[in-house]
Amino acid sequence: TTGTLTKREMEEQVLDNMEIEKERGITIKSQAARLVYRREKGEEYIIVSHSLGTVIAYNLLQQLNAEYCIQRFITLGSPLAFKVIQSKLMQPITRPTSLNGDWHNFYSPDDFLTTFPLINEPFNFNPEIINTSISTFVNSPHNITGYLHHPAVIQNILELFLNPTPK
């Protein structure tokens, strides 16, 4: 042993804290993450999320107040267009007040989970969501790697870093 954990702290699987993980010897990676970062007032953020992470990110943005300065929200392969997913969102579905900048939604017609842009109610916000149809990997169209390799997505993520808003 390394002595890092006391005998009291030690469990058979330290990283796995859910009963089902311990019983089956697996690790569930989709547990809610906790942000352990102290932000400075007025700091700007870009939020990038993929797939069901867009549901978590949207709900998080709805809970933040406007002082968080979210300059861009980028959703990749988002299933938010589906009614069954919308029922899991904080109601009413509105543009998050913490989003001071734009919302870019990248979807792929080949990806059955994201085939639709976010243009219809309840996502007909003002300012509107910027929807961009892109091609991803043919053999696995929903894979995040296919989205992140697309030049439009790369440009969208880097744009605010390369051209920050003057303060």
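## Briefing: a parallel sheet, its helices and an aromatic cluster

Helix α5 (residues 151-162) lies across β1, β2 and β3 and runs at about 165° to β2, where axes are lines fitted to C-alpha atoms, for helices over the stretch in contact, and angles run from 0 to 180 degrees between N-to-C directions. Helices (H or I, at least four residues) and strands (E, at least two) are DSSP runs, numbered from the N terminus. The model is predicted, with local features needing pLDDT of at least 70 and side-chain atom pairs counting only at pLDDT 80 or more, while totals for chains, interfaces and linings use all residues. Residues are numbered from 1 along each chain as its sequence is written, and side-chain values use heavy atoms, with hydrogens and water left out.

**The sheet**

- An open sheet is formed by 4 strands in the order β1-β2-β3-β4, with parallel pairing, two strands being taken to pair if DSSP finds at least two bridges between them.
- The edge strands of this sheet are β1 and β4 (130-133), each of which pairs on one side only, and neighbouring strands are turned by 15° against each other on average, direction ignored.
- Strands β1 and β2 pair in the parallel sense over 6 bridges, and H50 stands opposite L76 in β2.
- The chain passes from β1 through α2 to β2 in a right-handed β-α-β crossover, the term meaning that, with the strands pointing away from the viewer, the path from the first strand over the helix to the second runs clockwise.
- Strands β2 and β3 also pair in the parallel sense, over 6 bridges; F73 has W103 in β3 as its bridge partner, and I74 has H104 in β3.
- Between β3 and β4, which run parallel, there are 4 bridges, and N105 has N131 in β4 as its bridge partner.

- In β2, 7 of its 7 residues are buried, and in β3, 7 of its 9 residues are buried, where buried means under 20% relative accessible area, exposed over 50% and partly exposed in between (1.4 Å probe, protein chains only).
- Helix α2 (residues 53-63) has T54, V55, A57, Y58, N59, L61 and Q62 buried, and the cover of its buried residues includes β1 (45-50), β2 (70-76), α3 (83-86) and β3 (99-107).

**S98 in its loop**

- S98 sits in the loop between α3 and β3 and is buried, with a relative accessible area of 0%.
- Leaving aside neighbours within four places in sequence, S98 is in contact (heavy atoms within 4.5 Å) with L61, L64, N65, A66, C69 and I70.
- A polar atom of the S98 side chain lies 2.9 Å from the backbone oxygen of L61.

**Aromatic pairs**

- Rings of Phe, Tyr and Trp (its six-membered ring) pair if their centres lie within 6.5 Å, with planes under 30 degrees apart counted as stacked, over 60 as edge-to-face and the rest as tilted; by this rule the count comes to 6 aromatic pairs.
- The ring centres of F73 and W103 are 4.8 Å apart with the planes at 50°, so this pair is tilted.
- Because F73 lies in strand β2 and W103 in strand β3, the pair ties together parts that are 30 residues apart in sequence.
- F73 is buried at a relative accessible area of 0%, and W103 likewise counts as buried at 0%.
- F123 and F125 form an edge-to-face pair, 5.7 Å centre to centre with 70° between the planes; F123 counts as buried at 2% relative accessibility, and F125 is buried at 11%.
- One aromatic cluster is formed by Y58, F73, W103, F123 and F125.

Key. Polar contact = N/O pair within 3.5 Å; in protein donor to acceptor, adjacent residues only side chain to side chain.
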